Amino acid sequence: MYSQILIIIGLLLNLLGAYKLYKSVIPFPHYYAKSGESEAFPVAILDMDIAKKGFRYIFIGITFQIISIIAVIFIK
């Protein structure tokens with residue numbers, strides 16, 4: 001039972017980390033070529049503070065999942 005709870009916590013942390021990574025991309029308005037083409041080139045930057053938090057959440061979530069698997073293997 002505890003291993004299932006740890007896996008669920010790990011999955012939720014992974015989901016939160018993926019959301020933080022998604023929100024760390026800051027889009028800008030499209031940049032149009034100087035030649036007058038109608039083709040737009042998307043421009044974006046990455047907010048590193050939010051991205052670092054996202055990677056931390058993902059790392060902690062994977063750690064929770066590994067701990068739960070080890071607990072199932074060795075504490076039976």
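Biologist: How do you know that the span of helix α1 agrees with its 22 residues?

Modeller: This is a predicted model, and the check is computed from its atoms. At 1.5 Å a residue, residues 2–23 should span 32 Å, and the end C-alpha atoms of α1 are 31 Å apart, which agrees.

Biologist: Which residues of α1 are buried, and what makes them line one face of the helix?

Modeller: The buried residues are Ser-3, Gly-10, Leu-13, Asn-14 and Gly-17. Seen down the axis of α1, they fall within an arc of 105 degrees, so they line one face. The face turned away from that buried side carries the exposed residues Gln-4, Leu-12, Leu-15 and Tyr-22. The cover over the buried residues of α1 includes α2 (48–74).

Biologist: Why is Ser-3 called buried?

Modeller: Buried means under 20% relative accessible area. Ser-3 has 17% relative accessibility and therefore counts as buried. Leaving aside residues up to four places away in sequence, Ser-3 touches Ser-68 and Val-72.

Biologist: Where is Ser-24 placed, and why does Ser-24 count as buried?

Modeller: Ser-24 lies in the loop between α1 and β1 (25–32). Its relative accessibility is 0%, so Ser-24 counts as buried. With residues up to four places away in sequence not counted, Ser-24 touches Ile-45, Leu-46, Asp-47, Ile-50 and Ala-51.

Biologist: What makes the pairing of the side chain of Ser-24 with the backbone oxygen of Leu-21 a polar contact?

Modeller: A polar atom of the Ser-24 side chain lies 2.7 Å from that oxygen of Leu-21, and the cut-off for such a pair is within 3.5 Å.

Notes
Residues numbered from 1 in each chain as written. Predicted model: local features only at pLDDT ≥ 70, side-chain atom pairs only at ≥ 80, totals over all residues. Heavy atoms only, no water. Helix = DSSP H or I, 4+ residues; strand = E, 2+ residues; numbered from the N terminus. Expected span 1.5 Å × (residues − 1). Buried < 20%, exposed > 50% of the residue type's maximum accessible area, 1.4 Å probe, protein only. Arc of directions from axis to C-beta. Contact = heavy atoms within 4.5 Å. Polar contact = N/O pair within 3.5 Å; in protein donor to acceptor, adjacent residues only side chain to side chain.
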